[in-house]
Amino acid sequence: MKKYILLLLGSFLLASVAYAADSQIWGEMRVENILAYGKEGSLKLGSLFTMLQSNYFAKIFLAILVGVPSVFLLHYLVIGPKVFSHDGKKIYAFNIFHRIVHQIAAISFIVLVPTGFIMTFGSTFGGGEFVRMMKDLHGLATVTFAIVVIPMFLMWLKNMLPTFDDIKWMMIVGGYLSKVKRPVPAGKFNAGQKAWYWFATLGGMVMILTGAIMYFMDFNIPMINEVTGLSQIDLLRASAILHAVVGFVIVALFFTHIYMAVFAIKGAIHSIITGYKEEEEVKILHSSWYKKLKKEGKV
Amino acid sequence: MSVNEMARMKFYCDDDRCIDCNGCSVACAEAHELPTGITRRKVITLNEGIEGKEVSTSVACMHCTDAPCEQVCPVDCFYIREDGIVLHDKKTCIGCGYCLYACPFGAPQFPRDGAFGTKGAMDKCTMCAGGPEETNSIEERELYGQNRIAEGKVPMCAAMCSTKALLVGDAQEVSKIYRARIAAKGKGVQSAPYGWSKAYGA
């Protein structure tokens, strides 16, 4: 059954050829791979990956894990959260479809991010059975995320296109550096949410793809090699590098997303559970959307 | 092997002698009872079909100096013995594949595990030195194969090499044999053998 779901997920090609094909790594290609390693004029992905993985990746992830929450803690202590009345009128923002899709993605991320960190700092956890289980969970959560990533991309696409508000929003960092409640230029989604949306969906697809490549490892889809111009082993190396680099951004934005929803805007998380946002919150933080709703007579 | 305290074990395959018989590969697989699909040692032919340039050589884990696999492993399952043999702990390994990406020789391999086809613990040449389990225990044998080094024997591949192309042992002893061969032939240059600089530096 589980395998059937996997196949459904577009991994069908990957999975089926993974077993059928002659090895792209240990077969005839091995000679070519060995000769290509560190060859002048090549991308030298083997040594690049070795250098990045042994010196930087874990350190950068640690810096994000400690740094991003520290900045937010400071923000919380110095500037404090935005508190809006929860007794006023409410504005319907997310329908049931939005919420279900979001929740499946949310649960996937709650599994993906910590399991990813555990693998990155695998030696701290002693490796073995526990980290291996986290690796399997990381793969399983990818499946649920892969189911909703395209619906999520499409359902919010129209609202996520850039507007002039976004530039204004960025100039004042969304008003988060001030304690004063002034209307912030933003539509249904502000520039920060938009950035998160693009990285979570398109970046998420990159993560799914690079992750799947590393998971299935020894498969033979000549098209991928032709399009990328990479041999199978270099494709794996490039995937590992990309997976980490895109991972930095996604993890940092994921922490930001949680901080905003849970701490920085008191009770904001309820909007994705019930579907309703507080009118005052919309008036201040999504002023352009509020004006538009008012014009349409929806508030 | 000399009784040198600085003994550093290295593999060396003399491509003038290797006849592409694949005996080393078969002997290795049999000695360690490797599952099908896992080949710790493989004979490769370079410049195939180009007259005068075609050479065959035998590759496995080269037990590199500053082994890249050891550097990238997220769970630190590798350990390098004092004699330079690069070994790993299969119970710690999570089968992520990073060591393979780092390896210049494509040595690490991953048996498929279970219904999902997930990668099992990595397998590679141990230079017949087993693993972290108790030396010559059943567990060590099942996980890593024979521990011939502990018994004072030459690794299987080199022991059975019919042309004695494949040599293994203390680096100085290996180069001594190599130099003697060049001298005896009375021709050819003493260039670093294939893969040597990648594995052991200049």
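Buried area is the accessible area, taken with a 1.4 Å probe, that two parts lose on being put together, summed over both. In this predicted model, local features need pLDDT of at least 70 and side-chain atom pairs count only at pLDDT 80 or more, while totals for chains, interfaces and linings use all residues. Residues are numbered from 1 along each chain as its sequence is written, and side-chain values use heavy atoms, with hydrogens and water left out.

By that definition chain B and chain A bury about 3,300 Å² between them, with 59% of it on carbon and sulfur atoms. The contact (heavy atoms within 4.5 Å) draws 39 residues from chain B and 39 residues from chain A. Between the two chains there are zero salt bridges, a salt bridge being a side-chain nitrogen of Lys or Arg within 4 Å of a carboxyl oxygen of Asp or Glu. On the side of chain B that touches chain A, 24 residues are nonpolar, eight are polar and seven are charged, where Ala, Val, Leu, Ile, Met, Phe, Trp, Tyr, Cys and Pro count as nonpolar, Asp, Glu, Lys and Arg as charged, and the others, Gly among them, as polar.

Turning to the cysteines, a search of the whole structure finds zero disulfides over all chains, a disulfide being a pair of cysteine sulfur atoms within 2.5 Å. B:C24 is in no disulfide, and the nearest cysteine sulfur, that of B:C21, is 6.2 Å away. B:C24 counts as buried because its relative accessibility is 8%, buried meaning under 20% relative accessible area (1.4 Å probe, protein chains only). The sulfur of B:C69 is likewise too far for a bond, because the closest cysteine sulfur, in B:C61, is 6.2 Å from it.

Technical notes: Chains are lettered from A and ligands numbered from 1 in the order in which they are written. Buried means under 20% relative accessible area, exposed over 50%, partly exposed in between (1.4 Å probe, protein chains only).
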